[in-house]
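Please set out how the chains of this model are built and how they meet.

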Amino acid sequence: MSAAIELRGVEKSFGDVAIIRNINLTVAQGERHALIGPNGAGKSTTFNLISGYMAPSSGSVLLRGEVISGLPPYQINRRGLSRSFQVTNVFANLSVWENLRCAVLWATGQRYSFWKNIDNLPEVRTRTAIILEDINLTARRDVPAGLLTYAEQRALEIGITVAGGADVILLDEPTAGMSHAETERAVALIRRLTEGRTLLIVEHDMSVVFGLAQRISVLVYGQIIASGTPEEIRADPKVKEAYLGEEAA
Amino acid sequence: MTVTTLSAAPPLPTATEKFRFYALWIAMAVVLVVLPQIFGSGASLTTFSLIGISAIFALSYNILLGQTGMLSFGHAVYYGLGGFMVIHAINIIGANKLSIPLPVVPLIGGLTGLLFAALLGWVSTQRSGTAFAMISLGVAELIASSALILRSFFGGEAGISANRTKLFRVFGWTFGPQIQIYYLVAAWTLIAVIAMYALTRTPLGRMCNAVRDNPERVQFVGYNPHVIRYLAFCFSGFFAGVAGALAAINFEIANSAYLGAVQSGTVLFAAYIGGIGFFIGPIVGAIVVTILSLGLSDLTQVWQLYFGLIFIAVVLFAPGGITGLLMMHRPLLRAGNLFKLLPSYLAALVATAAMIAGLILAIETIVHYTVNPGDDSHIKAFGVGFDAASPYIWATAAVLMIGGYLAARRTWTWVGHAWDNATHEAREKGIAA
């Protein structure tokens, strides 16, 4: 069985500045994998390279064994990879319901159809309703996304990401800026929504990382310095030096 | 599971709501049929026809601006090309005695608009924002200047004309009298409005809104924003072509003004003044702008200046347009405390009207001295005669402007407070404002 995501010798530079320097990373199918590292290590850039937001300068990205690097984001999304954003990235003037519905349209085969009444599509309606329930925003269904609280917007962000039914999910700091209680709820939500799917998550909160991830990769200065189970990562002296040590100190 | 999830979805419209929805369209049709019985004069029939044409055009423009977030400075291209093609079509149909009746001819205009939108749109819709706006401007200039060069098709300065009455007749309608043209325009307006409304309620229509709000995120839910913008552009071109065709049929002529920057500006103006955030906004804008442009030009020489001032005022103070202003009041209407705003509104109206009167007096006086300084200083604007040379007029203008401004500032603060109190009350009653 091929890996859900595989990065082979991926590099990315902006002008002369190398942000990503030769990343090799494998995320197995059905695995919950966390990508950690200090600020500026290139975590978000890695996400951008995987999701097609940017093309790597060299190397390749594979999704279930097929090369996807160089494809535009929407084609990668159609192949079953969906990502969230670190800075909330929703449709601000559309209601919560419309936001989620837009996210299920392609997956339900609506394409660019202009001959169907959108309120008359039972599958779209049911799937949107399920996601709405899942992210606990039923009471806020008709509120424009721009008027939601921060935590609600983050939940909607995750909802949009998983709504299309992609089986590989990338979450970029889903709990950033949340209170302790909100973080706990968010983690429970992520655990539930990514059940049976592959998850790659960037996260700063170590309790979230060690609680959620089955495997962890550590990114420092554009390179993966360690990859393994949470126990292996905790014990790894390189990681301690580069990253976890700093936290403790 | 199904029970709970379906309760999460918005309720499907009830039978009464559906009935009301269709009743609204039927009411609109009835109004369009009855209107000439109430206002039957030639002038009002012409005005209604122009409003209908302008409404289709402004709605087609709003597919771009309001629905998909694309600011076009060259929408008249598709309107104008539709108009020209229809004049040619009428001439060809008439000369060859083809059995194509006039009522289906606007379709030719629509298909022309669609064809050119499909040809020219692929590149310009790659990006929205500034790039799209600049390309639309460039294409508009290109087409408008070709109109003066390619004489055989566009007829140069004079344009080309046609006789609409020489076509294949159905039910003995010649389409000579304005009343018959009115009904032709009204029927097409109704069809186009329904079609464009339906478009907003399709998967494509909703993804247009998503592209408007956040084209980046659209890419990550499986859609190519370029394709969405392109399709919106094609639809917009089609309906602009229909509007241009109706205009050409109405005037029996098409000239380079159809394609020009003024036409493109006017449609932006109509859509924005009406309110681009609402489906009916551009219709409201089309009504207001058509009536204003017909009315103002009789009242003052510099009516376009006032147009500009109105546009600036709307952009600054009412970005939601006229429809936006009206819709703001809906929660208060439902809460039943709208009347509490009336005193402050009345005061603000008086003060603002005084300021505007002073401004108009000043503008007309300045216009007299800059445009026709040699003429008699007893001028007439907005039906009121006054002596532009009189110092009393200058003083009155200054007092009204300055006094009106100071009073208006206070009254608008009062309006603001009254507004906050009223919306607070409405919210207490559980009505979202």
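## Basis of the model

This is a predicted model, in which local features need pLDDT of at least 70 and side-chain atom pairs count only at pLDDT 80 or more, while totals for chains, interfaces and linings use all residues. Residues are numbered from 1 along each chain as its sequence is written, and chains are lettered from A and ligands numbered from 1 in the order in which they are written.

## Overall fold of chain B

Chain B contains 18 helices and four strands, where helices (H or I, at least four residues) and strands (E, at least two) are DSSP runs numbered from the N terminus. Its radius of gyration is 24 Å, close to the 22 Å that the globule rule gives for 433 residues, so chain B is as compact as a globular protein of that length; the radius is taken over C-alpha atoms, and the rule is 2.2 Å times the number of residues to the power 0.38. The C-alpha trace of chain B spans about 80 × 65 × 45 Å along its principal axes.

Of the 433 residues of chain B, 42% count as buried, meaning that 20 or more other C-beta atoms, placed from the backbone, lie within 10 Å of the residue's own. Among contacts in chain B with a separation of 6 or more, 80% join residues 24 or more positions apart, a contact being a pair whose C-beta atoms, placed from the backbone, lie within 7 Å.

Leaving aside neighbours within four places in sequence, B:Ala243 touches B:Ile53, B:Ile56, B:Phe57, B:Ser60 and B:Tyr79.

## Domains of chain B

Chain B is divided into domain 1 (22–320) and domain 2 (330–428), with bounds from an automatic or database domain assignment. Their centres, taken over C-alpha atoms, are 33 Å apart, and five residues of domain 1 are in contact with six residues of domain 2.

## Interface with chain A

Between the chains, 42 residues of chain A are in contact with 29 residues of chain B. The largest share of the chain A side, seven residues, comes from H4(A).

Definitions and conventions:
Two residues are in contact if their C-beta atoms, placed from the backbone, lie within 7 Å. A residue is buried if 20 or more other C-beta atoms lie within 10 Å of its own, exposed if 12 or fewer, and partly exposed in between; C-beta atoms are placed from the backbone.
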